[in-house]
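Here is a short briefing on one structure. Look over the sequence and the coordinates first.

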Amino acid sequence: TSVIRLADYRPPAWAVEDVVLEFDLGIDHTEVTSRLTLVRQADEPIRLNGEGIELLELTLDGRPLGDGEYILANGVLEVAVDADRCTLGARVAVRPAENTAFEGLYLSGSRDRGFLLTQCEAEGFRHITYFPDRPDVLSKYTVTLRADRQRFPVLLAGGNPDGTGDLADGRHWARFVDPHPKPSYLFALVAGRLERISHDYTTADGRAVALHIWAEADVIDRCDYAMDSLIRSMQWDERTYGRNYDLDVFHVVATHDFNMGAMENKGLNIFNAKYLLADPDSSTDDEYRHVEAVVAHEYFHNWSGNRVTCRDWFQLSLKEGLTVFREQSFSADMNSVSLKRIEDVALLRRAQFPEDAGPLSHPVRPSQYSEINNFYTATVYEKGSELVRMLAGHLGRDGFRKGMDLYFDRHDGDAATIEDFLKSLGDANGTDLSAYLAWYGQAGTPRLTAEARYDATQSRYRLTLRQRTPASAGQTVKHALPIPVRLSLFDASGKALPLRLEGEATAGATERTIVLDGAERSIVFEDIASAPVPSLLRGFSAPVILEFDYAPEELGVLLRHDPDGFNRWEAGQQLAGLAYDDCRDGKVDGAAIGAWTRALAQLFGDPSVEDALLAELLTPPGEIELVERQPERDPDRIRASRQAMLRALASRIGVPALRARYEALRAATSAALDATSQAQRQLKRRVLDLLSLVDEAHARELARAQYDEAPGMTDRLAALATLATVDPDAATPAFAHFRHRYEGNALALDKWFAVQAQLPGETALGRIQSLERDDAFTLKNPNRVQSLLGSFARANPSGFHRADGAAYRWLADRLVAIDALNPQVAARVATAFNGWKRLEPVRRESAHAVVAELASRKDLSRDLTDILARVAL
Ligand code: DPP
Ligand code: ZN
């Protein structure tokens, strides 16, 4: 497979000024007529991409071209032209119903009831027609759709509506004009039987916009929360960034058949139903938050991604990291700043840190790829957002806003680069941010070590910060990065100390940000009366792994007193990590497990601790994060140690206190969606889980009752999971009931599959194999594959990493089958093999055999081959 390199970038040889597209839509056969106005930029032939499409006719300035007048090879159509400007016309045929890869134009749902839609990012447009399918070719689009009126009553494309009408034979047409030049990956159309909900919105700058959310009839009543979220997002972007929407209509469409979460096509966002539909009976609280966040994310792309797009796909994080950052800030404003930060950092640690520590590690801006679809990763998205957060922190709120204004202003209508972004932010603030560019090019998670020395005679406290980034896949030489370290010092009673650095005249604030921009830096604090407890990297001010040799009591001080909600939680996580070390290999013994359980038991009884924070504090790092603490990984032992530590916590809190808390929360049960009710549900779940470790029989009864009484999905699903963990047999009737109750509700059934896929232990594989035989299971639907195979392989370490390797062999088999249908989905599931090298020897051996065998096959897609080749190395 060929490798594409950032260093080889060259601007397009031909610009496409405008594009006129006409579609004669049909499920089996769709004809696409295109007319491109091309303008020469360099002395080269016209080269257009096209894959899996049948060329019926090609014209140059209206004249049909014969066979000898163009070259069509390896997905590229080449036409040599003398003029500097020309019109190239093409007529092609595509086959939507046969498109199981869901890239380009495809059918969602069944032949008789489903609808047609497109997905073009990153390189799907070339499956629709011949085009220079790269993000730096921006054009004005005029799109006409024609189809049978009965079968396709709704016809949508991006841009403003520009007329509709009837045709002969029961057909009709609709035209759309998009005045904003856009790259081909933002093109979209939808055609079929869809219902809608609508809202009339007026932007801050006075534009009337019709908002429409479209879905199939059976789910249209689950779109209201998405509409509310959309309105809140639009208002927030006006308020926070001064960004207004720029077309007369904004469409959002839900589909059950989608490879990604959602897609920001200009004026016509398309969503995986999972991130658009929400109702209390079938959605959990987490899912409500995801809907709000993803609706916001796609909407925010209208500026960060669409109005200013990416020059090439290496710059993907320019739009994704930035938009994740915007989305996270929005969610924090809508909900809770510290809880949002906890959620985001936990995700970074669970998804991005392992990625960055394994063979798939890559910089936020990769320097090469062979399949761009495999770079829609936690690194590009989540780490990318952390980089923007550091820049925003560096500039401060107003400075960052000024920088963003300049960026949007300078690059509106452009395909930009990361350098452009840093330059705009810097120029607007009279500063140079180019040192941060190194973060974009260097893979791996930096280790930040801090060392403290307290000098009682001089009342001085010296803190030495050092950084080191371990070698990562294909990148052995590492440089020092600018690492902003926000910090405070506390005395033993938990009071924050005013900070005066050596050489300063007076003490200032109790919080400072120190930037470590070389390998090492020491700072000295004066007038420190007794050895302080440092609160470092507050708010997680840089995406690094902090190593500081805290004594358990010191973490206890932070856990009780740190006013930074994030660092308070973080102290608990650090302490939990030490407590975990005390619980390894079957013993439960040590200062840390004592300190951790004591501190949490105290917080448990403290009415001033809010339910939501308490629920977070009662959740130690998960099995996947704890792997980082072991040199060699044995998932069964990791799980056993973690369970032992939770059992110690539960006994410390005590059965009476757990029961009493559960009953109080149970009495408050409702389906309400306000933050207080959500926090109560979350805490109730934690309490029940803890209770199940020390009072199994009673917990089983409570879980059964909770399942029966649950007013909504959050309580129902939590009860099911607890019941199944405590007593799988007792859970069987409840699973059967759930299965029957939600027959036909795809998103609820996904959760039914996912909960069972995550039940730990040796019996997991057998369970998965019988679930595969359920009528509702299919390899053709990406959500279903993720809910069963993805949940098992990625979120069930003890089940997937069986010592006998049976689950590896089973997954390899399925990957081949999925790959034949949908390469993107196969590649994503295959990333579950990412950590095989760090397994203990027996498991490592069997994983290696499976990965090597798969990687040697020649009949797999480029997507899957690329992942396997890198994982196998
Ligand atoms: N649809 C994906 C996202 O919004 C890719 N652009 O992140
Ligand atoms: Zn995005």
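Leaving aside its neighbours within four places in sequence, which residues is serine 304 in contact with? Serine 304 is in contact with Lys319, Leu322, Thr323 and Arg326. Contact means that the C-beta atoms of two residues, placed from the backbone, lie within 7 Å.

This is a predicted model, where local features need pLDDT of at least 70, side-chain atom pairs count only at pLDDT 80 or more, and totals for chains, interfaces and linings use all residues. Residues are numbered from 1 along each chain as its sequence is written, while chains are lettered from A and ligands numbered from 1 in the order in which they are written.

**Serine 304**

- Serine 304 lies in the loop between helix 2 and strand 22 (309-310). Helices (H or I, at least four residues) and strands (E, at least two) are DSSP runs, numbered from the N terminus.
- Serine 304 counts as buried because it has 29 C-beta neighbours inside 10 Å. The classes are buried at 20 or more other C-beta atoms within 10 Å of a residue's own, exposed at 12 or fewer, and partly exposed in between, with C-beta atoms placed from the backbone.
- Arginine 700 is 396 residues from serine 304 along the chain, and their C-alpha atoms are separated by 49 Å.

**Ligand 1 and its shell**

- The residues around ligand 1 are Glu121, Met260, Ala262, Met263, Glu264, His297, Glu298, His301 and Glu320. A residue belongs here if its C-beta atom, placed from the backbone, lies within 6 Å of the molecule.
- Strand 20 (262-263) and helix 2 (285-300) are the elements that give two or more residues to this shell.
- By class, the shell has three nonpolar, two polar and four charged residues. Ala, Val, Leu, Ile, Met, Phe, Trp, Tyr, Cys and Pro count as nonpolar; Asp, Glu, Lys and Arg count as charged; the others, Gly among them, count as polar.
- Methionine 263 is in strand 20. It counts as buried because 24 C-beta neighbours lie inside 10 Å.
- Not counting residues up to four places away in sequence, methionine 263 touches Gln119, Glu121, Asn269 and Ile270.
- Leucine 186 is 77 residues from methionine 263 in sequence, yet 8.5 Å away in space, C-alpha to C-alpha.

- Most residues other than glycine have a negative phi, and most peptide bonds are trans.
- The peptide bond from glutamate 121 to alanine 122 is cis, with omega near -5 degrees. Alanine 122 lies in the loop between strand 11 (115-119) and strand 12 (139-148).
- Serine 459 has a positive phi, near 55 degrees. Its loop runs between strand 25 (447-455) and strand 26 (460-468). Serine 459 is partly exposed, with 13 other C-beta atoms within 10 Å.
- Phenylalanine 540 also has a positive phi, near 55 degrees. It sits in the loop between strand 30 (533-535) and strand 31 (545-548). Phenylalanine 540 counts as buried, with 21 C-beta neighbours inside 10 Å.

**Sheet and domains**

- Four strands form an open sheet in the order 29-26-25-31, with mixed pairing. Strands pair if DSSP finds at least two bridges between them.
- Strand 29 (520-525) and strand 31 are the edge strands, each pairing on one side only.
- Strand 26 and strand 29 run antiparallel and are joined by six bridges. Leucine 463 has isoleucine 523 in strand 29 as its bridge partner.
- The domain assignment, automatic or from a database, gives domain 1 (13-193), domain 2 (309-441), domain 3 (447-532) and domain 4 (749-873).
- The C-alpha centres of domain 3 and domain 4 lie 44 Å apart.
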